[in-house]
Amino acid sequence: MLPPGSLPASGLGACGLEWTAGARGHLAAPDEFARMSADVSPPAEGREHGAASGGGAGGSPGVVPAGEPSAGRWALVALVHVLVLSAFAFAQPLFDVLTRAAAFFVARGSTAVDVWGLTLGLVFVLPLAVGLVPVLVGLVWRPAGKALQLVLVAALVAVIAMPLLTRAMAPPGEWVLTTSALVGVLGAALYARWGPAQTLLTFLAFMPPLVAGKFLFDPNVTKITAGGGAGNFESVDVQAEAPVVFIIMDELPLYSLLTPDLRVDEQLFPHFGALAADSTWFRNASAVHDNTAEDIVALVTGNYPTDEELLPIAADLPRSLFTLLGRNYRINSRQAVTDLVPDDFEQPEQDQEPAEPLLQRLTGLGLDLAVVFGHTVLPEVHTRELPSIGGAWSGFLVLGGDQGAHDETTDGAPGAGGGTAAAGAPKEPKEKKAKLPRPAEIAADFRAKAFQGFNAGIDANPDPALYFLHVILPHSPWIYMPSGTYYPGNRDFVSEWGSEEWVTSLEFQRHLLQLGATDKLLGETLDRLRAVGKYDEALIVVIGDHGVCFRPDDRARLLTDTNVDDVLRVPLFVKRPFQREQVIDDRNFEHPDLLPTMADALGIPFPWDVDGHSGLDPEPPERPTKRIRNRAGNVWEVDGKLPESFPALDRKIALFGPHPTWDDILAFGTAHDLVGRPVADLDISGDGGSAEVRINHDQLLTMVDKQADMQLNLLKGRIRADDPGELPEAVAIALNGVVCATTPTYGRTEDSAEFDAMVDSAALRPGDNEIAVYALDGGSSLRPLTLRRTPVGRSTVSGPWRRSNLGAANNPPKPPAAAIPVTLPDGRVLQARPGMLEGSLFAAVVEEDVLRLVGWSADVARSRPADSVVVVLDGKVVFTGTTGVKVDWPPKKYKDENLRPSGFVMRVPLDALGGPFEGRVRVYGVSGNRASEVTYATATQWLAPQ
């Protein structure tokens, strides 16, 4: 009989598992298994005599010591170990979040292909791609490959440890990253020196497919992969024929529309006023949830939100407005965060939204999940540096965001929690720091286009039709003027306010201006209905899903004892078919009452039992209180009667007046009586000393096009002074010799202060505009401040623009190693040298008739942002911009607050680039007589849109 293990081993292949055959047959012992399937050297006395002649660990490349596994077996086992560790480090934490927030996929319109692609990519493709690096190196030189494998193992173990340490350490903070790195190093050492550690990872080879399968077959995820609109739906045969127009406006509080006597302010919002004149206005309507999706479900199903885990999809909600009308009505539906139309209720082909390419969808999904993952595993002290995931379901890297309370907003991506208050008695909010949203450029916004696309879909077809729109307006970010034009502003979703009174008031002003733009779009809807002959016969419903609070040291949306009234009270207008008289109804109307009300208005016997009651019932049920809840299930109750006054309305009146015009809204500021007065008529005396002012995007003032969709209505600036006493408490801004805004300063430091002010487009003139900034010392006395304007390079070449590549996709230009001369518009010639300034370009995208450039540049050695940023095309300076946009990302590592305003966003007119060109765009930062070309992020979009 041969002793056990004396027969040749027979490999079973997968994961390096082997069976050692003998007289009785047995699995290899752990130490023996480690020698065969993992790259662990046996004890010296157990090595083959040939090992010495083979070179050992430090031998020549390509020479594998005797006793070590073959190259193929080593590579296979190494990849398996990376797959296992990656599943624990990345896939499992993300999948755990996504299964609890599958609405993330619903709001994005993700398909089964997207979910499967995400799963396979996260569990297998990306880990294998990374794991192949040490494997390929190891096939050339085993010691180097093993070293890289250890580095990869250390990194993965550190990521696995990070969330565990965050929960274990009190308080979690800076030491979490250091401790996680130490755990990673210890884990790698254990992996290298202790055979059972590798054996364990090999036995866990089943984990990656298990993690993937557990996610894909989770009940919530299968609803997405099976098709959220698929299922068996009750067939309801209705006799109604009136067209139905249902518009849900996001983040629209009732008080924003009101005058002091609780009427619609027809001066500011004439189209809301016109609709109210023909409608039943349920003035005491209220939301029942502070989360958009939950409240929309209440609106279209007639039921209150429950604790049951339902997704906002047709399969989970088979009884809704859409199934009530869908058998007899054509459905034109544009839903922002829900998918409630069954698949077999086909929409008109022209109303279908074109699908994004798969690669583009997966790329956006991956980038967003990278941000979600950061919020999931990092301690709070570090998640503040990440883009917010509150208030939106996608585009986190583009949207940016104020990081004040990313985990407390009730709308938004996975991980956006719902608060921790006990039911009916929410905890006091934590002490908050006064923080401003990070400014960022925004181009033509999708929200107005979505509204306009909806309006265009209202047709003259006589067949019954349901036109449904949920639009993210007047929701933040606030970038629209009442005329419908937009301005460079922040793209942030505000979650809570700091203690700066002026900041909150300014955002309130911008909210009202954007509500004016929303009113204009509503007017286009009403005009379209009249144009196709459907206005009179239509059932028209316009409602806000929830409100918003504008009060310092309070939350914008997450419910608190102080903001609950602002959030739950929303406008609701219901125009019944052929209704022509106004009815104001102050009954306690809650959102589940809307669907029964609509059925009543259409003369449809309601086929289901629901929680709501028709608002047209002359004898409404007794309901003494209103109830609203958040995602955590906490409930707030308020009196069900309409109050005689609202604190938020009182604040609006105090800020802007009882019956303001848009001129009054825009003149709001420190000394509004100065707005519109010529500077020549005012007392100008003294000087600003060392104080210097820079204004973001001021180069746009040199090329104003009054017909363009974008105007520079938001003037954001920074004042620097050597003497803190020279920093003014307030400033006045003049355009073309006339005061256009007055504003206090905020965000004061020892040597700087900031200011923001809205200006009327009427203050701008075509072409070049003169701007001046004055310290406002009280009364009409102004003290001029030194304004540093950004010089603008102009091209005399004109001609048609041919959209061409700005370079190869994902292959941006590389800065040269040697100095090159750069001739500035003022005639100076600088030798641009690498390393004199730091900076990077993150985006270079053609949008309409401009090239948008986003990045940062700073003179780190001198602790200041770059003075200017120049755009060079084929060696010629064609445009000059400025820094001034606050950033947290790269300058944060320098731990220098002076570098925060080093971001830039430039919109370079395409005609400034001289028409068609094939050369590359290059970007340089300039500080005094120093200049350096920025680096270019590999993710920079260098292709013009098709």
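Hi everyone, let's start with one residue. Setting aside residues up to four places away in sequence, serine 286 touches Leu568, Val570, Phe589, Glu590, His591 and Lys626; contact here means heavy atoms within 4.5 Å. Is serine 286 buried or exposed? Its relative accessibility is 1%, so serine 286 counts as buried. The cut-offs are under 20% relative accessible area for buried, over 50% for exposed and partly exposed in between, with a 1.4 Å probe and protein chains only. Serine 286 lies in strand β5, residues 285-286.

A word on where this comes from. This is a predicted model, in which local features need pLDDT of at least 70 and side-chain atom pairs count only at pLDDT 80 or more, while totals for chains, interfaces and linings use all residues. Residues are numbered from 1 along each chain as its sequence is written, and side-chain values use heavy atoms, leaving out hydrogens and water.

Helices (H or I, at least four residues) and strands (E, at least two) are DSSP runs, numbered from the N terminus. Two strands pair if DSSP finds at least two bridges between them.

Now the sheet. Seven strands make an open sheet with mixed pairing, in the order β6-β7-β3-β8-β9-β4-β10. Which strands sit at the edges? They are β6 (330-334) and β10 (583-585), and each pairs on one side only. From one strand to the next, the twist averages 15°. Angles run from 0 to 180 degrees between N-to-C directions, and axes are lines fitted to C-alpha atoms, for helices over the stretch in contact.

Inside that order, β3 (residues 244-250) and β8 (residues 539-544) are parallel partners over six bridges. Methionine 249 has glycine 544 in β8 as its bridge partner. Helix α17 (residues 446-456) packs on the sheet and touches β3, β6 and β7 (465-474), its direction making about 165° with that of β7. Helix α18 (residues 501-531) lies across β3, β7 and β8, and runs at about 165° to β7.

Last stop, a hairpin. Strands β23 (residues 820-823) and β24 run antiparallel, joined by four bridges. Proline 821 stands opposite glutamine 831 in β24. Five residues lie between the two strands, and glycine 827 in the turn has a positive phi of about 95°. In a regular strand, side chains alternate between the two faces of the sheet. On β24 (residues 829-832), Leu830 and Ala832 form the covered face, whereas Val829 and Gln831 form the uncovered one.
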